[in-house]
Amino acid sequence: MAPLTLKEEIILSCLLMLEGNSSGAPLRKKVIEISRKNIVYGTLYNHLETLIRKGYVTSTKSDPRPVQGGRSQTIYRITKEGTQALGETFRMHESIRKKIEDFESGI
Amino acid sequence: MGYSRKYTSPGLARRLLQHMTAYHHHHSIVEDFEETFQESKKSKSVFKAKCWYWSHVLKSWLKYLRLIWVGRIIMLKNYFKIAFRNIKRHRLYSFINICGLALGLTVCIIIGLWVQRECSYDLFHQNARRIYRVEREIFRDNLYSRWPIGSGQYKKFLLEDFAEIENAARFWRREFAIKDTRNVVRSQEMFAVDHSVFRIFDFGLEQGDEKTALKEPHTLVMTRKNALKYFGTDDVIGRSLSLEFEGEQVNFKVTGILKEVPENSHILFDTLISISSYSEDTFSDLRSNYLYTYVLAREGVSRRVLEEKMKMFVGQRLKPVYGDLLVSGLSIHEVLKVRMYPIIDIHLHPAENWELEPGGSINLVYIFSTIAVFILFLACINFINLSTARANKRAKEVCLRKTVGAGKSQLRAQFIQESALSSLLSLICSLVFCALLIPVFNQSFDVHLSLKLLSQPKNLFAILGITLTAGILSGLYPAVYLTRFDPVTVLKGSISRKKGSTGFRKNLVVFQFVISTIILFGMFTVYRQMRYIQTRSLGFDRENVVVIPAGSRQASSGFEPFRNELLQNTNIVSLSNSTDLPGDPLYGNGGFRRTGSKETVSLIIFSADHDYVETLKMDILAGRNFSREHGTDRERTILLNEAAVKRIGWTLQEAVGNRLIRGENNPPLEVIGVVKNFHFKSLRTEVEPMVIQLLTNVRGFISIKIKPDDIKNTIALIRQKWEKFFPGERFDFSFLDSRIQKLYDKEKKMQKLFLVFSALSLFVACLGLFGLASYTAEVKTKEIGIRKTLGASAGNVTFFLSKEFIKWILIANVFGCPIAFTLMNKWLQNFAYRIDIGWTVFIFTVSVTLLTALFSFAFQAMKAAWANPVDSLRYE
């Protein structure tokens with residue numbers, strides 16, 4: 001299983017928080033809210049591409065918008081592998097946190 | 001979706017974003033941006049939302065452009081590489097393309113420069129568009145004549161009567177004998193002008209005061225070159241030059257140095273003298289015609305308004321002196337009009353007679369511009385033809401490119417780029433051609449073109465523009481045609497040659513030869529008409545006649561002894577004196593009526609002495625010539641020409657002995673003989689009715705008929721006698737036939753140019769045909785091989801290959817000849833005496849086009865026919 005970078009972890013977490021699927025704009029908003037840092041669309045799309053390539057996220061098209069020239073939107077969905085990878089990362093974080101607590105109490 | 005159903009983001013920014021993301025189908029970028037924009041609009045402000053949208057789009061756009069251009073430049077490099085390889089690989093085709101286009105461009109550039117020069121005449125004057133020449137149009141006896149010259153009184157009356165005229169100046173061309181500092185007498189043409197000339201025109205002075213330079217009588221201004229000629233120095237202001245003025249030696253004070261008059265001026269001069277040197281009496285006759293009057297109209301006054309006002313001038317000032325024109329109840333405005341001719345139009349619309357300099361011709365400008373465009377067009381057709389013909393060869397390349405992802409627009413861009421490259425190479429070649437040809441062109445057609453003109457930015461842009469347009473346009477059809485191939489079919493190996501493209505090529509070749517046929521037909525017709533003019537009997541013998549101008553008083557007094565002494569020499573046949581010469585404009589014109597009749601007939605008045613008819617070997621049809629034995633001939637006798645007799649309504653026999661009255665109260669003149677019509681004007685016009693009266697004092701020109709045996713020594717003898725009897729008088733001889741030839745200078749120029757252009761157009765068309773023939777031979781190699789194996793002879797194969805081309809040429813002739821016939825027939829209408837376009841012209845045109853075409857494809861056809869069928873069949 002390919003490891004996740006911090007940004008990818010945040011994006012996956014945000015997707016999970018958005019009930020497992022979202023279009024680009026709400027996802028970006030959530031990412032900014034959680035990380036308290038701005039993220040431009042270019043960066044977000046790059047990370048999403050990587051996540052799609054790793055198989056953690058899939059993208060599907062919604063129906064076109066009902067206006068003249070309206071286009072369909074891309075909906076990003078977290079996959080089972082994505083959820084596992086995120087769980088794995090959390091577990092890793094959890095063990096690290098425990099190690100830190102042990103270390104601090106030992107002192 | 002949590003946002004409005006309508007797009008509300010900035011339209012332009014959204015379109016830019018859409019353009020950038022056209023190929024990004026994974027993400028719905030535009031939609032995401034829209035959503036964020038709408039949220040931002042609600043939570044912050046519209047302005048902030050827009051700023052956010054624009055800043056993101058612009059940042060991305062810059063990156064996008066960089067990416068695109070890097071890609072494009074890489075592709076451009078590739079296209080150029082392929083283009084150069086193609087040029088190298090197909091040397092023959094490339095040569096035909098580049099050379100043909102270069103020829104077309106060369107013709108275009110040279111003609112363009114010439115047209116630019118022709119249209120630039122007199123534009124250097126700041127007030128050019130407000131300066132007019134006062135001209136008259138006279139409709140006398142159904143004959144129209146345009147008179148650029150008029151009386152010296154016009155200036156005064158026009159300035160007095162019309163507030164619309166700001167200023168006026170007169171130009172009077174005079175010839176003066178000048179005695180320089182070394183007492184050498186030279187004859188020089190000068191203009192006597194008003195001092196206002198510098199206010200109207202921009203001729204200007206290098207030294208001296210323009211306001212006062214020519215104000216005082218007996219003052220002159222001259223160019224630096226002339227100052228050096230007469231004084232040996234250019235520091236001449238204040239010095240004097242001795243002129244024979246009104247029969248006396250008068251010192252003229254130099255008051256200024258003139259700037260060189262630009263070559264594109266319709267008036268050329270190097271010395272101007274003050275017209276105030278003449279007494280006012282000189283100009284008192286309002287009816288006389290001798291000088292040019294120019295006016296400067298006030299700002300905002302149009303030509304139409306001025307001409308309308310001139311009706312008043314005609315009615316009040318001119319009517320009293322032009323009473324004789326008012327015959328058969330015509331009003332003065334019907335027979336006499338005063339026109340304001342814009343000076344910028346004079347060069348291209350010159351008057352037939354009395355023009356200051358030989359003018360140009362607007363028709364020539366049109367004809368050659370059309371020819372230039374046609375020849376360039378022919379070269380472009382070659383390009384299209386060869387490119388589509390070679391399409392099959394490049395079909396695989398095109399389809400492979402398509403397979404690996406090239407779009408139609410990219411492929412089109414590639415082919416257009418290739419043809420633009422070829423056209424740029426052609427431009428380089430054509431500039432070399434121009435450098436070589438412009439001196440030859442200048443010499444042959446007596447013009448002053450220079451390659452330097454090309455360095456002017458507007459000309460450079462024009463040439464580059466024409467070249468690229470020609471290149472792009474001629475690459476357009478091949479580009480569209482080539483990109484239409486279906487990759488699957490082509491890459492499987494079966495290239496279907498569509499009939500449509502062959503038909504298109506055929507049409508183009510036919511069109512090329514239609515143009516060549518028209519130009520060739522034109523060339524041959526002009527050539528035949530010129531030959532006709534040169535050989536047609538003019539009604540007099542123009543050969544071996546020496547002409548010397550004899551205007552001074554000295555010539556008048558010494559003429560008789562000069563004549564008698566010359567006639568003693570056996571090489572001198574006869575000698576005579578006349579006011580005018582055939583080919584020169586005739587000044588005199590008067591109204592005559594029969595005794596007892598009121599009907600006035602307008603006749604040209606020609607004055608000559610007793611020997612004129614004999615010297616020019618004219619035929620007397622009835623009656624007799626002037627004779628010294630008849631003392632009464634000096635006063636009241638005249639000769640008429642056939643046209644005059646016909647006009648008056650007599651028969652030849654009736655005319656002799658009958659009487660005519662000139663004007664109202666003059667004594668009647670007896671007609672003693674009728675001369676056969678002779679052409680004293682060019683063959684463009686019909687022989688006009690003329691009366692010949694006896695010249696009583698020596699004026700105008702001395703004509704000497706000599707024997708053709710020893711012309712050089714005879715001329716030397718005449719010069720010797722001239723110097724003996726008229727010391728100090730200039731011996732400025734010319735031959736009558738060459739003077740007459742000058743009448744047809746324009747036509748001769750046209751003949752030469754037609755010859756050059758017909759050869760060029762044929763050459764370009766043949767280049768195309770040669771290329772196509774070689775291509776056809778190549779495509780049909782297999783077919784030829786099979787035909788030969790089945791028993792066809794080389795002759796059969798050559799015929800098989802050639803018959804199609806011959807068919808095309810014949811079709812082109814069928815279309816071209818009637819068009820050319822119509823055009824040339826119209827041109828011939830300019831001549832009162834003209835050839836009939838007979839079958840010979842048609843036969844000549846057809847045979848020349850066929851022969852040249854045969855020559856261009858026969859070689860290829862024969863090469864293919866003689867090839868060994870084994871090699872042909874092994875091919876492919």
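By the grid rule used here, the count comes to 5 cavities of 30 Å³ or more, where a cavity is a set of points, on a 1 Å grid over the protein atoms alone, at which a 1.4 Å probe fits but cannot get out. The structure is a predicted model, in which local features need pLDDT of at least 70 and side-chain atom pairs count only at pLDDT 80 or more, while totals for chains, interfaces and linings use all residues. Residues are numbered from 1 along each chain as its sequence is written, chains are lettered from A in the order in which they are written, and side-chain values use heavy atoms, with hydrogens and water left out.

Rolling a probe the size of a water molecule over the atoms shows where empty space is left. The largest cavity holds about 270 Å³ of space, a volume being the space filled by probe spheres set on grid points that are joined across faces, edges and corners. It is lined by 17 residues, of which B:Phe383, B:Ser387, B:Arg390, B:Arg394 and B:Glu418 are the closest to its centre; a lining residue has an atom within 4 Å of a point. Two or more lining residues come from each of helix H3 (46-89), helix H4 (91-118), helix H11 (362-389), H13 and helix H14 (457-482) of chain B, where helices (H or I, at least four residues) and strands (E, at least two) are DSSP runs numbered from the N terminus. H13(B) supplies the largest share of this lining, 4 residues. By kind, the lining of the largest cavity divides into 7 nonpolar, 7 polar and 3 charged residues, where Ala, Val, Leu, Ile, Met, Phe, Trp, Tyr, Cys and Pro count as nonpolar, Asp, Glu, Lys and Arg as charged, and the others, Gly among them, as polar.

Helix H13 of chain B, which spans residues 408-445, bends by about 35° at B:Leu437, and a proline, B:Pro439, follows within four residues; the bend is the angle between axes fitted to the seven residues ending at a position and the seven starting there. After H13(B) comes B:Asp446, whose phi is positive, near 55°.

H14(B), another contributor to the lining of the largest cavity, contains B:Thr467. This threonine has a relative accessible area of 1% and is therefore buried, since buried means under 20% relative accessible area, exposed over 50%, and partly exposed in between (1.4 Å probe, protein chains only). Not counting residues up to four places away in sequence, B:Thr467 touches B:Leu105, B:Ser423, B:Leu424 and B:Leu427, contact meaning heavy atoms within 4.5 Å.

A pocket, unlike a cavity, is an open set of points with protein on both sides within 12 Å along at least five of seven lines. The second largest pocket contains about 1,300 Å³ of space, and among its 33 lining residues the closest to its centre are B:Met20, B:Thr21, B:His24, B:Tyr64 and B:Leu67. Both chains take part, because helix H3 (41-54) of chain A gives two or more residues to the lining, as do helix H1 (11-20), helix H2 (29-43), H3 and H13 of chain B.

In chain A, A:Arg28 is found in helix H2 (residues 24-35), and its relative accessible area of 7% makes it buried. Leaving aside neighbours within four places in sequence, A:Arg28 is in contact with A:Asn38, A:Ile39, A:Val40, A:Tyr41 and A:Leu44, and also with B:Thr36 and B:Trp52. A:Leu44 stands 16 residues from A:Arg28 in sequence, yet the two are 7.1 Å apart in space, C-alpha to C-alpha.

The largest nonpolar core has 110 residues, and B:Trp114, B:Phe513, B:Ile692 and B:Phe757 touch the most other members; such a core is a set of buried Ala, Val, Leu, Ile, Met, Phe, Trp, Tyr and Cys residues joined through side-chain atoms within 4.5 Å. Apart from it lies another core, of 54 residues, including B:Tyr132 and B:Ala169.

Most residues other than glycine have a negative phi. A:Glu19, however, has a positive phi of about 60°; A:Glu19 is in the loop between helix H1 (6-17) and strand E1 (21-23) of chain A, and is exposed at 72% relative accessible area. B:Lys617 has a positive phi of about 50°, and at 45% relative accessibility B:Lys617 counts as partly exposed.
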